[in-house]
Amino acid sequence: MSAAPPAPPAPPAPPASPSQAATDAPVISIRGLEKAFGELEVLCGVDLDVSPAENVVVLGRSGSGKSVLIKIVVGLLQPDRGQVVVLGQRVHQLSRKDLDALRRRVGFSFQSSALYDSMNVFQNLEFPLMMNIQGLSSAEVKERIEAALEEVGLADTMQQMPSELSGGQRKRIGIARTLILRPEIMLYDEPTAGLDPVTSGEINDLILKVQEDYGTSSIIITHDLTCARNTGGRVAMLVDGRIYRVGAFDEVFGTEDPQVRGFYNYNFTTRGQP
Amino acid sequence: MSTLPPEPVEVDPPSPRSRRDAVVITPHVDAFGVGMRDGAAFFARFFAEAVRPPFHIRELIRQCYEVGYRSLPLITVTGFITGIVFTKQSRPSLAAFGATSWLPSLITIALVRSLAPLVTALICAGKVGSSIGAELGSMKVTEQIEAMEVSAINPFKYLVVTRTLATTLMVPLLALYFSFVGLVGAYMNIHGQEAASLASFLKSGFSTITFLDVWSSMSKAIAYGFTIGLIASYKGFRATSGTQGVGRAANASVVLAMFVIFIEEVLIVQIVTFLRDL
């Protein structure tokens, strides 16, 4: 079934103008990235740049290596070949100390939220803060935690345990936990996976709000086209371990290429209108 | 639509780790080799991380409380019952030779030299080892350990070093406590049968205990505590495959820790026997 795709609204303008972004050095630069797990080649030469204050959405099917890509960017996985430069530093040549210093400038929102389930919400946010910033008074800690929770609209959940939160709330707390260190780059791994459309929309709004308030650059990993259209300044499609197409949402999907159309049609016609 | 500029790609050489992972002899040999290599690396990393700041003292104290204080009820009951049962079952054999007066010495030697460290370690391997394996395994499969890493927190130092140090410190103390309650149980049994005084029981019991006995007992308990903490942490850190993996990690923590404890028992007894004969 190949119904005519609905005309999607224009993606929101990124905070920095394209010309300005083009002149700035990329905050993330990925070149020739390769990664295999045993015989399975997941990434086969990925090239991607992210400019300052730009949101780049990486789209692809499940198992296409999207999460592997951002885990390599933050140094959680070692690439087999290729180069990843984040904020001017080659990630995989850094010492442990320098890598930690870089990670303080990069926020990572996990697909599963990855909240520490033995800690309540306050402690989840307090933990990275206390471990990374010495000499903060308890009043300052509380103030920063309250500010981060207010940013995600969950200031009243401070004493709740992660098990008492809904999926959407957990995602928001996960994002708040990364914001507590005031990162320059945000990496979102499937931010809307498993959420209802309304909550997904709220998470999309939150991603844009974070970009606006903190001036962050982001890579957003998703297979949700609504999320891609609403949050991404640029969209990069990952197919067969390579970036297949990259550009604005309308440019990427304004094609009859079956690889792209198939992905689009599945999202917008099989599952209904976004 | 923009495409990426076709600039020459400057790439880093393949990582040493990926080259190592590519070497496969046979699946079983390779898995065993990888397990040994990773286990040795984990062991070596513990010492490298343990001596390097920052030191998570608060977490260490919390773990000592979890391992030590929370094991007290189980150790109390087990130690007390061991003392009573061992005394009751030893009495007929000694009575046959008219040597019931040796009962305090026999019990004290058995408890201090062997039973206290070994039984305490086996209890802790079951109670504490499974708990650490399951906790860290659960954290691994739910990406909580990776969340620590991306927050610039060293999970090895925060989770592994603190737990392993806690078991290394607490198991010897629990073994001492086990000896104490075991002797209380033994004394109550002897006192019930023969109305022996506490002073004569202690005098008779400790007359045969040497410094080497106490030293070897504590050495064993320290080694067992370290084994329990490190193996449980290792198994938890390597957990995969969701909840099933967590269960496997908890189970493997106990089984492997007990296996290694028995090997250590044999080795340490050999060393102590050699020292005793010098």
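## Helices 6 and 7 of chain A

Helix 6 of chain A passes helix 7 of chain A in a right-handed crossing. The model is predicted. Helix 6 spans residues 167–179 of chain A, and helix 7 spans residues 197–214. Their axes come within 10 Å and cross at roughly 10°. Angles under 35 degrees count as roughly parallel. Helix 6 of chain A and helix 7 of chain A are therefore roughly parallel to each other.

Which residues of the two helices meet? Helix 6 of chain A supplies Gly168(A), Lys171(A), Arg172(A), Ile175(A) and Leu179(A). Helix 7 of chain A supplies Thr199(A), Glu202(A), Ile203(A), Leu206(A), Val210(A) and Tyr214(A). By class, this contact of helix 6 with helix 7 of chain A has six nonpolar, two polar and three charged residues.

## Helices 5 and 8 of chain B

Helix 5 covers residues 103–141 of chain B, and helix 8 covers residues 198–206 of chain B. They pack at an angle of about 60°, with their axes 7 Å apart. That angle makes helix 5 of chain B oblique to helix 8 of chain B. The crossing of helix 5 of chain B with helix 8 of chain B is right-handed.

On helix 5 of chain B, the contact is made by Pro104(B), Ser105(B), Ile107(B) and Thr108(B). On helix 8 of chain B, it is made by Phe201(B), Ser204(B), Gly205(B) and Phe206(B). What is the make-up of this contact between helix 5 and helix 8 of chain B by class? It has four nonpolar, four polar and no charged residues.

Is strand 7 of chain A, residues 185–189, enclosed or open? Five of its five residues are buried, so strand 7 of chain A is largely enclosed by the rest of the structure. Both faces are covered. Ile185(A), Leu187(A) and Asp189(A) are buried on one side. Met186(A) and Tyr188(A) are buried on the other.

Strand 7 of chain A pairs with strand 6 and with strand 8 of chain A. Strand 6, residues 106–109 of chain A, runs parallel to strand 7 and is joined to it by four bridges. Val106(A) stands opposite Ile185(A) there. Strand 8, residues 217–222 of chain A, pairs with strand 7 in the parallel sense over five bridges. Here Ile185(A) stands opposite Ser217(A).

## An antiparallel open sheet

Elsewhere in chain A, four strands form an open sheet in the order 2-1-4-5. The pairing is antiparallel. Which strands lie at the edges? They are strand 2 (40–50) and strand 5 (89–90) of chain A, and each pairs on one side only.

Strand 1 (residues 28–37) and strand 4 (residues 81–86) of chain A pair over five bridges in the antiparallel sense. Ile28(A) stands opposite Val86(A) in strand 4 of chain A.

## Arg234 of chain A

Arg234(A) lies in strand 9 (residues 234–239) of chain A. Is this residue buried or exposed? A residue is buried if 20 or more other C-beta atoms lie within 10 Å of its own. Arg234(A) has 26 C-beta neighbours inside 10 Å, so Arg234(A) counts as buried.

Arg234(A) and Val57(A) are 177 residues apart in sequence, but their C-alpha atoms are 6.2 Å apart in space. Leaving aside neighbours within four places in sequence, Arg234(A) is in contact with Glu54(A), Val56(A), Val246(A), Gly247(A) and Ala248(A).

Methods
Residues numbered from 1 in each chain as written. Chains lettered and ligands numbered in written order. Predicted model: local features only at pLDDT ≥ 70, side-chain atom pairs only at ≥ 80, totals over all residues. Axes fitted to C-alpha atoms, helices over the stretch in contact; angles between N-to-C directions. Parallel < 35°, antiparallel > 145°, perpendicular 65-115°, else oblique. Left-handed = near helix turned anticlockwise from the far one by under 90°. Contact = placed C-beta atoms within 7 Å. Nonpolar A, V, L, I, M, F, W, Y, C, P; charged D, E, K, R; others polar. Buried ≥ 20, exposed ≤ 12 C-beta atoms within 10 Å, placed from the backbone. Pairing = 2+ DSSP bridges.
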